[in-house]
Amino acid sequence: MVKLSKTSKLNAKSWSLNAGDTCPGSIDPVSKQVLPVCSGCYAKGGNYRFPNVYNPREENRQQWKNGSFVDDMVNALKTERFFRWFDSGDIYHPALAFKIMLIIEKTPWVNHWLPTKSYNIPKIAAILERIEKLPNVALRRSSPNVNGLYDPAVHGSVVIPSVDFKTNATVCHAYSNGGKCGACFACYDKNVSTIAYVAHGRKMDSVIKKLAA
């Protein structure tokens, strides 16, 4: 049985894994260091450490390998209209990427939002290109930066250091709305090229201060 979650921020359900070794894209392919945006990862602390959050994500890590996973997910999404992949963790294996593609294909009534940093992993990137062509998914390749820098030809999301930071991206206003998405579904919209998320949390503040020093 698949384990879906719904965080207090999101206006949709999600399927996730525990962050860490499920995030191969968190390592810079050149320097081999953890990316700045991942150094302040919110999903390695707080509520994500509690058994009721941690354990279902561990179960998902095993269950996606089952032969029934695609059909189980399609059935779980039969009444959903919006769905987010990975509020924690990422696509860490090409076979998982392929199954996600099949699920998106088989649920045309669902608007999928798929954020990922695994686009620098060649075997995964090839499948992401196929996923991106599907009409009902907004694939958002995350920028590695926390200073608002991104490549508009590549990145579908970026972290900005403050709410008043000047950017051409569409700024997420969840953190001026009690930390909730509310009626906003911009992240699921393929016509919104890049979303800018305002940095938040002590860990991310520490990363930004360290980089600015």
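Here's a quick briefing on the overall fold of this protein and a few of its salt bridges. Keep in mind that the model is predicted. The protein has six helices and seven strands, and from the N terminus they run β-α-α-α-β-α-β-α-β-β-β-β-α. Its radius of gyration is 16 Å, close to the 17 Å that the globule rule gives for 213 residues, so the protein is as compact as a globular protein of that length.

**Overall build**
- The C-alpha trace spans about 50 × 35 × 30 Å along its principal axes.
- Buried residues make up 47% of the 213 residues.
- Of the contacts with a separation of 6 or more, 73% are between residues 24 or more positions apart.

**Surface and charge**
- Accessible surface comes to about 11,100 Å², and carbon and sulfur atoms hold 54% of that.
- There are 28 positive and 16 negative charges, and their mean positions sit 3 Å apart.

**Salt bridges**
- Glu80 pairs with Lys13 at 3.5 Å between the closest N and O atoms, linking the loop between helix H3 and strand S2 to strand S1, 67 residues apart.
- Glu80 is buried at 13% relative accessible area, while Lys13 is partly exposed at 32%.
- Arg61 and Asp21 meet at 2.8 Å, N to O, joining helix H2 to the loop between S1 and helix H1, 40 residues apart.
- Arg61 counts as buried at 19% relative accessibility, whereas Asp21 is exposed at 59%.

Note on methods: Residues numbered from 1 in each chain as written. Predicted model: local features only at pLDDT ≥ 70, side-chain atom pairs only at ≥ 80, totals over all residues. Heavy atoms only, no water. Helix = DSSP H or I, 4+ residues; strand = E, 2+ residues; numbered from the N terminus. Rg over C-alpha atoms; globule rule 2.2 N^0.38 Å. Buried < 20%, exposed > 50% of the residue type's maximum accessible area, 1.4 Å probe, protein only. Contact = heavy atoms within 4.5 Å. Areas by Shrake-Rupley, 256 points an atom, 1.4 Å probe, with all protein chains shown as cover. Lys, Arg positive; Asp, Glu negative; His and termini not counted. Charge placed at Lys NZ, Arg CZ, Asp CG, Glu CD. Salt bridge = Lys/Arg side-chain N within 4 Å of Asp/Glu carboxyl O.
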